[in-house]
Amino acid sequence: MSQGRTTQVTKDSTKKESIKSAVLVVLVISSLLLTGQIWFNKKLWPEGYNFFVNINTAVVSVVSTIFGVQEPPAPAQRNDIIVPTHFVAYTVKDFDHATLILNSSYSDFSNISDQNRKILSTALSKPSLELLPLNETEWRKALFTRGLYLDYGSAYPTSTFASFMGVTSCPISDTIANMRYFVITPADTFTNDVWVYIKDPLSGSVYRISSGLPKLGLEQILLSISADASPQNRFSFFLGTDSPSGDAGEVVFDPYLVLREEGFSLKTVSARNPIQKDGSTDLSAQTAERLLRTFSINPITVRPYIDIDNSYVFVYSRATLKLTTGGIIDYTTLQGDKGLMLEDLPSTSTMPAHKALTLANNFAQKILNITGNSDDIKLYCSSFSENQGAFVINFDYLYNGTPIKFTGAYSGMHAVTIELNGSNLKRYTHIVRSYEATETDHMLPSTYHAVDELFATFDTTENKNSIEEMLVYYDDDGNDGIKLPYWFIKLSGNDIYVR
Amino acid sequence: MIKKLLQSVCLVLALSMLLAVCAFAAPSSMSPNQQGNSNSLIYIKKPASLSATTSEKTYTVSAAGRPGVHVAIYRRSNYDGQFYRVYQGGIGASGVYVVSIELIPGKNKIRVRAQNNDEIQIIDIDITRITQSQLDRINGLSIGDLFDAY
């Protein structure tokens with residue numbers, strides 16, 4: 001009997017030991033997992049990136065350098081930073097006047113854009129004695145047969161615009177103060193030349209100048225686009241829709257808007273905030289480090305803190321860099337501080353406009369590359385202002401030739417806003433977005449139907465019947481998801497686009 | 001009884017729908033002498049003088065009018081002189097009406113009919129399409145004159 005009891009006790013002990021062993025094993029495994037999380041997950045160290053992450057980043061950086069993997073060089077000056085908001089080719093085909101609206105999605109756009117730039121830069125280098133003053137009637141005549149019409153969206157001082165076209169000396173700036181509108185046509189039958197018509201957007205004065213280039217190149221372009229040009233796209237003044245009839249109270253359009261009589265389709269795009277996940281800012285250590293170094297912030301010594309709205313804030317020296325959960329990168333310097341030097345300039349020299357634009361574009365492009373946006377996104381300069389060596393430059397996104405407009409919480413904001421003082425960066429704001437094409441087509445109505453739909457929502461007693469601008473934009477409200485293209489309309493006397 | 005009542009109701013409904021459609025659709029043809037009873041429904045903006053000469057094959061007529069006015073475009077047949085409908089639509093909230101018409105070489109008589117309830121306005125437009133040979137002769141005449149002068 002005592003032997004049986006001993007056996008029972010032994011069995012109980014063995015069972016207890018087994019349970020203890022199992023519990024111990026579980027505890028050891030848990031502690032190992034927890035230690036791994038603490039050591040290698042950056043989010044669990046409130047002071048910032050932990051020792052092991054920093055070591056890992058430094059090792060990766062050294063190894064990359066040894067094997068010749070360099071940071072991609074800053075992009076050279078792009079020729080398409082300044083793009084026309086309206087780029088129209090018009091020609092005659094099958095006894096009809098036909099028009100094609102051009103953008104970077106057109107197959108031969110790169111060639112046409114290069115030719116355009118060459119023609120404009122050559123014309124802008126000519127002496128002012130060669131300018132021939134004309135009037136509005138001649139301007140409209142030039143738009144009648146064959147040529148290119150360009151509207152660069154806003155008025156630029158002539159010397160600034162010329163510098164964007166790569167022209168260092170522009171004598172005609174003494175005669176024409178500002179530039180925005182151009183018409184380029186082959187010269188008359190007897191002259192082998194390309195004529196450039198320039199309209200000062202502020203004074204309304206019209207001039208023509210000979211570029212001196214042979215017209216064959218331009219004629220070949222106009223011949224090549226004729227297959228895609230449509231006789232149902234017309235300038236407003238052709239149709240008499242630029243002036244009121246008197247009694248009907250109808251809408252009138254800016255004379256040089258191209259009105260499309262037929263609807264057309266564009267692919268929708270999928271938009272995403274690439275630095276946000278599950279409501280908080282999500283950046284890999286490498287991306288964060290590259291971002292900080294671009295702003296000359298030492299990632300080893302800087303200490304971020306998380307703001308009340310879950311933004312990451314890095315305070316360093318006399319500047320602050322903030323990454324919001326909404327995907328905005330906001331860099332500001334303290335008042336009175338010189339700012340982040342983008343290029344070393346002698347203290348006596350002034351920053352030329354085209355150089356400021358290139359610096360700003362290169363910087364923005366660098367940020368765009370770091371945050372991993374898609375290759376189909378381009379930045380284009382949507383506005384440029386200069387005041388005694390200080391520049392405010394806005395860039396916006398262009399997806400496959402169609403610009404993107406922010407609405408909703410980001411209404412009125414640009415994709416990138418840069419403030420420069422000479423070559424020093426004072427303020428930088430960037431709405432980081434990623435766009436990808438979808439396979440879905442979205443049908444857009446004709447210009448007339450779009451205007452009918454908009455005006456059907458207006459109060460009839462309001463006197464809103466003059467349209468200054470109509471453009472197609474992708475409407476991005478800042479949320480992740482599918483974004484559709486729409487007609488956006490600007491009424492005369494208003495700065496806001498509506499749809 | 002109920003069946004007959006239902007049949008009558010269906011017939012009345014069908015007739016009223018048909019009448020409604022007829023009331024809004026412009027006639028498919030018109031005689032040249034037909035006239036309207038209004039002159040304030042629509043204003044032709046292009047061609048400005050209600051007649052034009054062009055070398056283009058496609059001519060865009062533009063007009064302005066009150067939103068809701070129904071517009072039909074007719075082309076006169078050279079065979080019997082009647083006007084036959086080629087397009088119809090309505091004027092939207094913008095008050096602008098634009099339509100492109102294919103022209104035949106020579107004279108094209110186009111009629112614009114605007115209707116708003118009982119008001120009808122009829123406007124006739126003459127568009128002459130000159131042929132390529134006529135255009136070449138005009139262009140050639142200018143060069144010939146230039147040389148003849150010397």
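Me: Why is B:Ile110 called buried in this predicted model?

Reply: Buried is the word for a residue under 20% relative accessible area. B:Ile110 has 1% relative accessibility, so it counts as buried.

Me: Where is B:Ile110 found, and which residues is B:Ile110 in contact with, leaving aside its neighbours within four places in sequence?

Reply: B:Ile110 is part of strand E8 of chain B, which covers residues 106-116. Beyond those sequence neighbours, B:Ile110 touches B:Ile73, B:Tyr74, B:Arg75, B:Phe83, B:Ile101, B:Ile123, B:Asp124, B:Ile125 and B:Ile127. One of these, B:Asp124, is 14 residues apart from B:Ile110 along the chain, with 5.8 Å between the two C-alpha atoms.

Me: What makes B:Lys45 and A:Glu250 a salt bridge?

Reply: The rule asks for a side-chain nitrogen of Lys or Arg within 4 Å of a carboxyl oxygen of Asp or Glu. For the side chains of B:Lys45 and A:Glu250 the N to O distance is 2.6 Å, and that meets the cut-off, so the pair is called a salt bridge. Across the interface of chain A and chain B, two salt bridges are found by the rule.

Me: How do you know how much area chain A and chain B bury between them?

Reply: The value comes from the accessible area that the two parts lose on being put together, summed over both. For chain A and chain B that is about 2,000 Å², with 56% of it on carbon and sulfur atoms. In contact there are 26 residues of chain A and 21 residues of chain B. The two chains also have 14 residue pairs in polar contact, counting pairs with both at pLDDT 80 or more.

Me: Which element of chain A gives the largest share of the side that touches chain B?

Reply: That is H10(A), with four residues. Helix H10 (447-455) is one of the elements that each supply at least two residues, along with strand E2 (96-101), helix H7 (236-239) and strand E9 (252-253). By class, this side of chain A has 13 nonpolar, six polar and seven charged residues.

Me: What makes A:Tyr428 stand out in the largest nonpolar core?

Reply: This core has 93 residues, and A:Tyr428 is among the members that touch the most others, together with A:Leu124, A:Phe295 and A:Phe395. Helix H9 (residues 353-370) of chain A gives the most to this core, 10 residues. Leaving aside neighbours within four places in sequence, the contacts of A:Tyr428 include A:Phe295, A:Ile329, A:Phe363 and A:Ile367. A second, separate core has 38 residues, among them A:Tyr181 and A:Phe253.

Terms used
Residues numbered from 1 in each chain as written. Chains lettered and ligands numbered in written order. Predicted model: local features only at pLDDT ≥ 70, side-chain atom pairs only at ≥ 80, totals over all residues. Heavy atoms only, no water. Core = buried A, V, L, I, M, F, W, Y, C linked by side-chain atoms within 4.5 Å. Buried < 20%, exposed > 50% of the residue type's maximum accessible area, 1.4 Å probe, protein only. Contact = heavy atoms within 4.5 Å. Buried area = accessible area lost by both parts, 1.4 Å probe. Polar contact = N/O pair within 3.5 Å; in protein donor to acceptor, adjacent residues only side chain to side chain. Nonpolar A, V, L, I, M, F, W, Y, C, P; charged D, E, K, R; others polar.
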